[in-house]
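Please read the points below with the structure open beside you.

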Amino acid sequence: MNSALAGKWIVITGASSGFGAAAARAFGREGARLLLGARRRGRLETVAGEAARAGAAEAHVCALDVSQTPSVEAFAAWIRSRTERVDVLINNAGGALGLDPVATGKDEDWETMLQTNVLGVLRMTRALLPLMISTPGSYILNIGSVAGHTAYEGGAAYCAAKAGELQITRALRLELCGTGVRVGTIDPGIAETEFSLVRFKGDTARAAKVYEGVAPLKAEDVAEALVWAASRPPHVCVDEMILKCADQAAPHKLHRRPPADR
Ligand SMILES: NC(=O)c1ccc[n+]([C@@H]2O[C@H](COP(=O)([O-])OP(=O)(O)OC[C@H]3O[C@@H](n4cnc5c(N)ncnc54)[C@H](OP(=O)(O)O)[C@@H]3O)[C@@H](O)[C@H]2O)c1
C-alpha cells in the first residue's frame, strides 16, 4: 500500500449510509484505519465489513448520536481507547427534515436539524481536538451544503444549519491556524443518498421525485473529494470546496431531462 492515507486514523460520523458509508469504503481502499459512528449500529457493521474487504487496515464501529453530548463524549472515549491520535475527522452526520415554509415549520424538525448539523459538529470537534492538536497535518473535514451558501424556499432551517456549519469551519480555521491542524468544508449539491428519504420521512415517491430527470452526484463523488482533500501534503489545506452535478447550477436551477430523453 503506497497511499498517503495508509495506516492513518480516520473518524467518520454518519457512516451508516450515503456519503459517510462511501467515504468509509473509499478511505478503506487507501488502507486507512477507520473509526465509524452513527445511530444504526447494524448498518455501520455492514459498512465496516465492506471497508475491510476494500483494504482498510482496521475498521471499527460504535453507536453515536451527535445530537446528544453524552453520546459524543462516550464515542470520544471509545476512540481514545483505540488510538492516541486522530488524523482525519469527517463531520458528516446530519441531514434535513421537511420542506415546510417557516409559516408552518415544526419545532421538532428545526431542533433536530440544528442539533445534528450545527451542534453535532461543534460537540464532536471539541471532543476530538485533543487527539488532533498533537498530530501535525491532521484534518477536520466538515460536510456542508450548497444550502449553506444559497437559500431556497422551504429550506430556512436547513440552510441556516449549513450556513452555521460553514461559519463554524471558518472560525475553527482561524482558531487553529498555526497548530498544524487543517480545517475545511466540502459542500455538495444534489446527491442521491438517503437524504431525501429522511427529509420526507420515508415517503419514497416524494424522495424519488427530487432526482427525476437529473443526473445527481453519487455518494462516491463526495467520497473521492474527501479522499483527495485528506491526502494533500500537510502544508496544503482545502478550505472550502463546492461540488455540484453538471445538471445543477444553483439549488433552484436544475436541468431535468424530459421523460422521452431519460
Ligand atoms: N444528499 C445530498 O443531497 C446532500 C447535499 C449536501 C449536503 N448533504 C449533507 O451530507 C451529509 C450526509 O448526508 P447523506 O446525503 O449521505 O444522507 P444519508 O444517506 O441520510 O446519511 C446521513 C447520515 O447521517 C447519520 N446521522 C443522522 N443523524 C445523526 C445523529 N443524530 N447522530 C449520528 N449520526 C446521524 C445517519 O446515520 P443514522 O441514521 O444511522 O444515525 C447517516 O449515516 C449530511 O450532513 C447532509 O446534510 C447531503
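1. Two residues are in contact if their C-beta atoms, placed from the backbone, lie within 7 Å. By this rule L226 touches A23, I90, L141 and I186, leaving out residues up to four places away in sequence.

2. This is a predicted model, in which local features need pLDDT of at least 70 and side-chain atom pairs count only at pLDDT 80 or more, while totals for chains, interfaces and linings use all residues. Residues are numbered from 1 along each chain as its sequence is written.

3. Which residues come nearest to the ligand? Of the 31 residues around the ligand, these are G14, G18, R39, R40 and G94. A residue is counted as near if its C-beta atom, placed from the backbone, lies within 6 Å of the molecule. The shell divides into 12 nonpolar, 14 polar and five charged residues. Here Ala, Val, Leu, Ile, Met, Phe, Trp, Tyr, Cys and Pro count as nonpolar, Asp, Glu, Lys and Arg as charged, and the others, Gly among them, as polar.

4. Helices (H or I, at least four residues) and strands (E, at least two) are DSSP runs, numbered from the N terminus. At least two residues of the ligand shell come from each of α1 (18-29), α4 (107-133) and α6 (195-199). The most come from α1, with three residues.

5. A residue is buried if 20 or more other C-beta atoms lie within 10 Å of its own, exposed if 12 or fewer, and partly exposed in between. A nonpolar core is a set of buried Ala, Val, Leu, Ile, Met, Phe, Trp, Tyr and Cys residues joined through C-beta atoms within 7 Å. The largest such core has 72 residues, of which A23, A24, L34, L36, L128, V222 and L226 touch the most other members. Helix α8 (residues 219-230) gives the most to this core, with eight residues.

6. In α2, the residues L44, V47, A48 and A51 are buried. Seen down the helix axis, the buried residues of α2 fall within an arc of 105 degrees, so they line one face. The arc is that of the directions from the helix axis to the C-beta atoms. These buried residues pack against α1, β2 (33-38) and β3 (58-63). On the other side of α2, G42 and R53 are exposed. Just after α2, G55 takes a positive phi of about 130 degrees.

7. V72, F75, A76 and I79 are buried in α3. Seen down its axis, the buried residues of α3 lie within an arc of 100 degrees, so they line one face of the helix. What covers them includes β1 (9-13), β2, β3 and α4. The face of α3 turned away from this buried side carries the exposed residues P70 and A77.

8. Is K201 buried or exposed? K201 counts as exposed because it has 11 C-beta neighbours inside 10 Å. This residue is found in the loop between α6 and α7 (204-210). Phi of K201 is near 55 degrees, a positive value in a residue other than glycine. Most residues other than glycine have a negative phi.

9. H255 is found in the segment after β11 (253-254). H255 is exposed, with 12 other C-beta atoms within 10 Å. H255 and T112 are 143 residues apart in sequence and 31 Å apart in space, C-alpha to C-alpha.
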